Amino acid sequence: MKKITTKSILEMKKRSEKITALTAYDATFAELEDQAGIEIILVGDSAAMVIAGEKTTLTATMEQMLYHVRAVSRGVTRALLVADMPFLSFQITPEEAVRNAGRFLSEAGAEAVKLEGGAPIIDAVRRLVDIGIPVMGHLGLTPQSVHQFGGWGVRARDKHEAEKIMSDAHLLEEAGAFAIVLEKIPAPLAAEISSSLQIPTIGIGSGSGCDGQVLVNYDMLGLYEQMSLKFVRRYRHLGDEIRNAVQEYVADVKKGSFPSPEESYDITGNIDDHPSYRT
Ligand code: KIV
């Protein structure tokens with residue numbers, strides 16, 4: 001098992017090997033994703049939506065994100081662990097960005113941070129990289145700007161915005177970012193940006209021309225049913241699975257078939273359960 005690092009991610013682009021990424025918010029999912037071979041685990045501020053039930057990511061706080069990153073870090077052995085910096089934790093000054101990003105590494109076990117935006121946050125990106133904190137950029141439909149955009153629609157459909165995203169991608173590369181998420185931009189633009197950069201792009205809703213792909217785990221597993229997105233492939237329908245399982249449990253308890261004698265303790269049997277704790 002070879003640990004994935006920011007260096008491995010860059011080498012994968014050089015070898016034209018596609019990079020896989022998923023979000024996770026807790027130790028149990030993180031461990032399952034890690035064991036399944038995912039290369040990057042992103043603790044997204046999408047936690048605000050899929051875990052906390054908020055309508056946008058804007059309510060995520062540093063304390064909430066630190067809690068999720070710390071939990072995920074206990075489940076991850078091999079994947080690169082990236083912490084998403086929440087709204088207002090990095091936009092105000094580069095100093096605040098350093099302090100907050102540093103907390104993700106020193107208090108929660110993250111190995112890199114992700115920041116939304118281009119030119120306006122470039123000083124913060126440069127400063128983080130200069131002091132040794134790896135940065136993943138994020139351009140296109142940056143959810144922290146949802147109110148500015150007026151919704152969740154595809155970005156860069158006009159030439160002006162497409163040129164701006166291309167220029168921001170190059171600014172991020174020059175500032176030392178090791179990868180850039182491209183969210184919900186037209187596939188031809190994402191492919192053009194990807195081939196013009198040395199660092200990898202990780203697409204979400206931006207077509208197959210990106211160097212890797214990321215999805216929100218609750219979306220691809222069919223757990224988050226509030227939004228139906230064209231670009232999400234639902235690999236399982238765990239929402240249905242969970243509802244069915246809970247209905248069976250309710251029925252079993254109501255009719256008295258759970259617990260069975262085998263699922264109960266008596267005074268003569270072995271009453272010691274042995275959980276296998278994470279090491
Ligand atoms: O917060 C998040 O989950 C993200 C991914 C969708 C890239 O930023």
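The largest cavity of this predicted model is lined by 26 residues. Those that lie nearest its centre are Ser 46, Pro 143, Glu 183, Ile 204 and Val 216. The volume of the largest cavity amounts to about 380 Å³. A search of the whole structure for cavities of 30 Å³ or more returned 1. The space of the largest cavity is taken by the ligand.

The surroundings of the ligand were examined next. The ligand is surrounded by Thr 23, Leu 42, Gly 44, Asp 45, Ser 46, Asp 84, Lys 114, His 138, Ile 204 and Val 216. By class, the residues of this shell comprise 3 nonpolar, 4 polar and 3 charged. Ser 46, Ile 204 and Val 216, which belong to the shell around the ligand, are also among the residues that lie nearest the centre of the largest cavity.

For Ser 46, a polar side-chain atom is placed 2.5 Å from a ligand oxygen atom. For Asp 45, the distance between a polar side-chain atom and an oxygen atom of the ligand is 3.0 Å. In the case of Lys 114, an N or O atom of the side chain is found 3.0 Å from an oxygen atom of the ligand. The ligand taken alone exposes 250 Å², and 96% of that area is buried by the protein.

At the level of the whole chain, the domain assignment gives two segments: domain 1 spans residues 6-236, and domain 2 spans residues 240-273. The C-alpha centres of domain 1 and domain 2 are separated by 41 Å.

How values were computed:
Residues numbered from 1 in each chain as written. Predicted model: local features only at pLDDT ≥ 70, side-chain atom pairs only at ≥ 80, totals over all residues. Heavy atoms only, no water. Near = heavy atom within 4 Å. Polar contact = N/O pair within 3.5 Å; in protein donor to acceptor, adjacent residues only side chain to side chain. Areas by Shrake-Rupley, 256 points an atom, 1.4 Å probe, with all protein chains shown as cover. 1 Å grid on protein atoms, 1.4 Å probe; cavity = no way out; pocket = protein on both sides within 12 Å on 5 of 7 lines; lining within 4 Å. Sits in = over half its atoms within 2 Å of the grid points. Nonpolar A, V, L, I, M, F, W, Y, C, P; charged D, E, K, R; others polar. Domains from an automatic or database assignment. Points joined across faces, edges and corners; volume = space filled by probe spheres on them.
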